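Please read the following report alongside the sequence and the coordinates. It begins with a single residue and then widens to the whole chain.

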Amino acid sequence: MLFKLILCIVILAAGALMGQLKAKTFDNRVFHLQDLITTLKVLESEMKYRLDPLPELFSRIGAARPGMSSDLLNTAAENLKTRMGTDLPTCWKEAVEKAYKESALKAEDKRILSDLGIELGKTDLNSQTGMFLRTFSLLEAQVMEASDEKKSKGRMYKSLGPAVGMLIVILLI
């Protein structure tokens, strides 16, 4: 009887934990998107005022920023420095895929970020500003979508986890 009670408690706790972990992915997507917007704003302002070459700029900002956006900039800088024949869009896209491979970002989020690399460094600063504004507005729309998902699906998974655990316990009794 004691073993059965302990088993039921473990199943309930596992269900609740699974629900919390699944809900956490929605929190992580919002966090990563907001971190990206902040990092790209820093990149834009550094491009305007310092006029450094992109690999140096990526390395400096990547060293100063925490998280996955730092990995993105450091990988892009390394790709640009080590692969002399490869163009920026290819290096940037590979850096996006590598840095956000195991993140909560969706394919659409990564596509928006990869599209930034297509025009980055090709035109004058005024055109770059327009490109950054477009990227910011697209990413902010993604943040809104992610926040809505976090509210609806996150709450659902937090409730569903313990409910599934309870269902299993009832079936075992």
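Q20 is partly exposed, with a relative accessible area of 40%, where buried means under 20% relative accessible area, exposed over 50%, and partly exposed in between (1.4 Å probe, protein chains only). The model is predicted, so that local features need pLDDT of at least 70 and side-chain atom pairs count only at pLDDT 80 or more, while totals for chains, interfaces and linings use all residues. Residues are numbered from 1 along each chain as its sequence is written, and side-chain values use heavy atoms, with hydrogens and water left out.

Q20 is found in helix α1, helices being DSSP runs of H or I with at least four residues, and strands runs of E with at least two, numbered from the N terminus. Although Q20 and G161 are 141 residues apart along the chain, their C-alpha atoms are separated by 7.4 Å.

T39 also belongs to helix α1, which covers residues 2-50. Leaving aside residues up to four places away in sequence, T39 touches I61, R65, S69 and L73, a contact meaning heavy atoms within 4.5 Å. The side chain of T39 makes a polar contact with the side chain of R65 at 3.0 Å; such a contact is a pair of N or O atoms within 3.5 Å, and within protein one must be able to donate a hydrogen and the other to accept it, with residues adjacent in sequence counting only if both atoms are side-chain atoms.

| Residue | Relative accessible area | Class |
|---|---|---|
| Q20 | 40% | partly exposed |
| T39 | 3% | buried |

## Helix α5 and its surroundings

In helix α5 (residues 107-119), the buried residues are D109, K110, I112, L113, S114, L116 and G117. The buried residues of α5 pack against α1, α3 (68-82), α4 (88-99) and α6 (125-172). Just after α5, G121 takes a positive phi of about 80°.

## The whole chain

The secondary structure of the protein comes to 6 helices and 0 strands. The radius of gyration is 21 Å, well over the 16 Å that the globule rule gives for 173 residues, so the protein is more spread out than a compact globule; this radius is taken over C-alpha atoms, and the rule is 2.2 Å times the number of residues to the power 0.38. Along the principal axes, the C-alpha atoms fill a box of roughly 75 × 30 × 25 Å. Buried residues make up 36% of the 173 residues, and among contacts between residues at least 6 apart in sequence, 67% join residues at least 24 apart.
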